[in-house]
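The sequence and structure come first, and the text then turns to the parts of the chain and how they meet.

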Amino acid sequence: MQIHSQAQFESIQNQHQHQQHIEKGLQTLLDRLIKKINRDNLIRKTIHQIREALQVDRVVIYYFYEQWHGQVTFESLISKKLSILGSKGADNCFNNEYATLYLNGRIRAIADIELEPIHPCHQDFLRSIQVRANLVVPIRPVRNI
């Protein structure tokens, strides 16, 4: 039988509490990662189903993270050569006027960018990412952008 002093006992107890705190923190982190992975898998599956249902070459989710700047965070493609994952888009083409429309739920369909009267900046941007027809549907979170 080993006898410890009060100081040794408190030190061992503090180490044990610290270890429990670390384990709890790691479990919380693991739970968050699993939740994020499950969410991401659901998003990938959903946009794949949307692409197939619409019979289109590409479906992307463009995420606005601040002041109307964002990037493509998810995509479903018929061919990897169409990938624009991580693309930041043409920031100078998207301003507060358009932002307000989409915040209010605007859905915009363009059957052919060459025939639709759209801003040349937007038209050039869509050409640069090989878009001929375009459908924009906002996914609006509860919180403000």
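Between the two domains, 8 residues of domain 1 are in contact with 9 residues of domain 2, contact meaning heavy atoms within 4.5 Å. Domain 1 covers residues 7-55 and domain 2 covers residues 58-136; such bounds come from an automatic or database domain assignment. The model is predicted: local features need pLDDT of at least 70, side-chain atom pairs count only at pLDDT 80 or more, and totals for chains, interfaces and linings use all residues. Residues are numbered from 1 along each chain as its sequence is written, and side-chain values use heavy atoms, with hydrogens and water left out.

**The interface**

The C-alpha centres of domain 1 and domain 2 are 32 Å apart. About 680 Å² is buried between domain 1 and domain 2, with 78% of that area from carbon and sulfur atoms. Buried area is the accessible area (1.4 Å probe) that two parts lose on being put together, summed over both. On the side of domain 1, the residues that lose the most area to domain 2 are Ile 43, Ile 47 and Arg 51, which together give 74% of what that side buries. There are 0 salt bridges between domain 1 and domain 2 (a side-chain nitrogen of Lys or Arg within 4 Å of a carboxyl oxygen of Asp or Glu).

**Ile 43**

Ile 43 belongs to helix H1, residues 6-54; helices (H or I, at least four residues) and strands (E, at least two) are DSSP runs, numbered from the N terminus. Beyond its neighbours within four places in sequence, Ile 43 is in contact with Ile 61 and Phe 74. Ile 43 and Phe 74 are 31 residues apart in sequence, while their C-alpha atoms are 7.8 Å apart in space.

Most residues other than glycine have a negative phi.
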